[in-house]
Amino acid sequence: MFLSDMSGREPLYRKAFIYFSSPVPKDLLSRLKGDTSVLPRISALREMNLEYFAMDSQGYITDHDRALEDLYCEGAENSRKADMCMSTMATRIATVFASLKEFPFVRYRAVKDDDEPKFRDLVCKKLAASVWDTISTYKSTIPNFPKNETCELLILDRSIDQIAPVIHEWFYDAMCHDLLDMDGNKYVVEIASKSGGDPEKKEVLLEDHDPVWLELRHAHIADASERLSDKMTTFMSKNKAAQLQQKDGEELSTRDLQKMVQSMPQYNEVKEKLSVHVEIAGQINQIIREEGLRDLGQLEQDLVFGDAGSKEVINYLRSNQDASYECKLRLMLIYATVYPEKFEADKASKLMQLAKLSQDEAKVVKTLLSLEGADNKQKTRGTFSLKFNSQKTKTAARKDKSGEEETWQLFRFFPVLEELIEQLTKGNLPKDEYGCMNEPSPVAQKANTGGAQSARGGNQSNPHSVRSRRTTNLVRPRNSDDGYSSDSVIGHAQNDFKKMGQRIFIFIVGGATRSELRVCHKLTTKLRREIVLGSTSVDDPNHYITKLKNLSGIEQN
């Protein structure tokens, strides 16, 4: 089609600027070069290596929503669909490093040598090998591509943490996607009409261009609600247009009217943005009250941290017969992950009957347990050997973070990924559990651990990545009068990170969670190393459970 448009004496366009998101086969490039009438009309031709989809400034997906079903179903080792999924996924991951000109030291979740692995146990290793093979060719095909390692890539799958996808998270971003009827990042909210009539429906995008969202997305819902209230109060008290509108019954001078007109565009814009988030936070809090999520959330976290067991689960089910089946199923999935022995054979049948869950839901629980694999069931107690309080008699899947203040209720939970990244930066990932595709050069090895040492107070300076960094101006300065300011972490953190340590890339096969993306932002600030999260998809709890249901229909135990 391009040659048809551009060839001959009268081409459709005088000049062509061509940008490919994917690598172009050599035979097609030869056809372009071979057409002497077209070649002089090509002003630019580039391969952009953009076969991935950005979620935000530190997250991307390869858009493989069915990866869990395709790669972890029975017979996947002989499936053409699984081969295609793996190949395309590897290419898209590799283009992230091509576009950023980063050469990674590649690690992956491995199985122990004495195990007899299934295909699903080898997914991370196979993907790492395919990514490594593709990236290795960039040294000779991409100009100025690094010759030595400039970053780290750790490839994982969903089996590392089966609790994070189903637990009720209490942070603004996660709760929006969990509790509200969102279409991707798009949400329809009802706000007060400017004319004073019926509420108006407004479609909003909860993305990085919204400074209020950017500041509050990783805040606890109680903190976000409090901050929004403070922002609205501050805005209404300091904004000139708001003050003048509140002068009921007073005649406005020409000077007052002039000030109001000058302030009105910004006033309306800011008020509308704040009003949207006040409405969203209000809806979330209403759902929390109506569905009794605080009690459920407390039980979930108590189970995870070893402060609750079978007795507490049974008491909850008996006293909350009207709880939604989704909430009860999520509770059963968490309970099964912490206490897998309770679900062996038919041990859990009475509990499932008490929860009024069907045989289909029982299959979902078994499917989740099968994803962990025999080698991984003990690791769900914590990725590394954990010493719990000797007085605790119940099982725990996490231990509380030391040195972190629990400011809000239901603040304790964190995904396993947080612990993994911290151990990676210290060089403490066990090699028998996390294999290596390429041993880093001595310089790169020193750089990989230098950032962690500096973060712990060492004298070493941070290793720097090879590319320049951009700072964001999406967040307005502190102490402004427009209601955007208060304590935006991102606003002043970005200015501190014009130079940071080497990037860490994480990729999760089978879907990532909002809590894991939040952790990557949090640890970027803490470790002074930009953490980039990639995955086949980003799933809210209901979406992940749907995947488990699909997988249950494929694999019957």
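Is the crossing of α17 and α20 left-handed or right-handed? Please set the pairing in the context of the chain.

Mentor: Keep in mind that this is a predicted model. The crossing of α17 and α20 is right-handed. Helix α17 spans residues 416–426, and helix α20 spans residues 514–527. Their axes come within 9 Å of each other and cross at roughly 35°.

Now the side that α17 brings. Its part of the contact consists of Leu417, Glu418, Ile421, Glu422 and Thr425. Look at the spacing of those numbers. An α-helix has 3.6 residues a turn, so residues three or four places apart point the same way. From α20 come Glu516, Val519, Cys520, Lys522, Leu523, Lys526 and Leu527. By class, the contact residues of the two helices are six nonpolar, one polar and five charged.

Next, how covered is α17? Ten of its eleven residues are buried, so take buried as under 20% relative accessible area. The buried set includes Leu417, Glu418, Ile421, Glu422 and Thr425. Val416, Glu419, Leu420, Gln423 and Leu424 are buried too. After the helix comes Gly427, with a positive phi near 75°.

Finally, the chain around the pair. It holds 21 helices and eleven strands. Of its 557 residues, 52% are buried. Take the contacts between residues at least 6 apart in sequence: 77% of them join residues at least 24 apart. The accessible surface of the chain is about 27400 Å², and carbon and sulfur atoms account for 47% of that.

Terms used. Residues are numbered from 1 along each chain as its sequence is written. This is a predicted model: local features need pLDDT of at least 70, side-chain atom pairs count only at pLDDT 80 or more; totals for chains, interfaces and linings use all residues. Side-chain values use heavy atoms; hydrogens and water are left out. Axes are lines fitted to C-alpha atoms, for helices over the stretch in contact, and angles run from 0 to 180 degrees between N-to-C directions. Helices (H or I, at least four residues) and strands (E, at least two) are DSSP runs, numbered from the N terminus. A crossing is left-handed if the near helix is turned anticlockwise from the far one by less than a right angle, and right-handed if clockwise. Contact means heavy atoms within 4.5 Å. Ala, Val, Leu, Ile, Met, Phe, Trp, Tyr, Cys and Pro count as nonpolar, Asp, Glu, Lys and Arg as charged, and the others, Gly among them, as polar. Buried means under 20% relative accessible area, exposed over 50%, partly exposed in between (1.4 Å probe, protein chains only). Accessible areas come from the Shrake-Rupley method with a 1.4 Å probe; for residues, only the protein chains shown count as cover.
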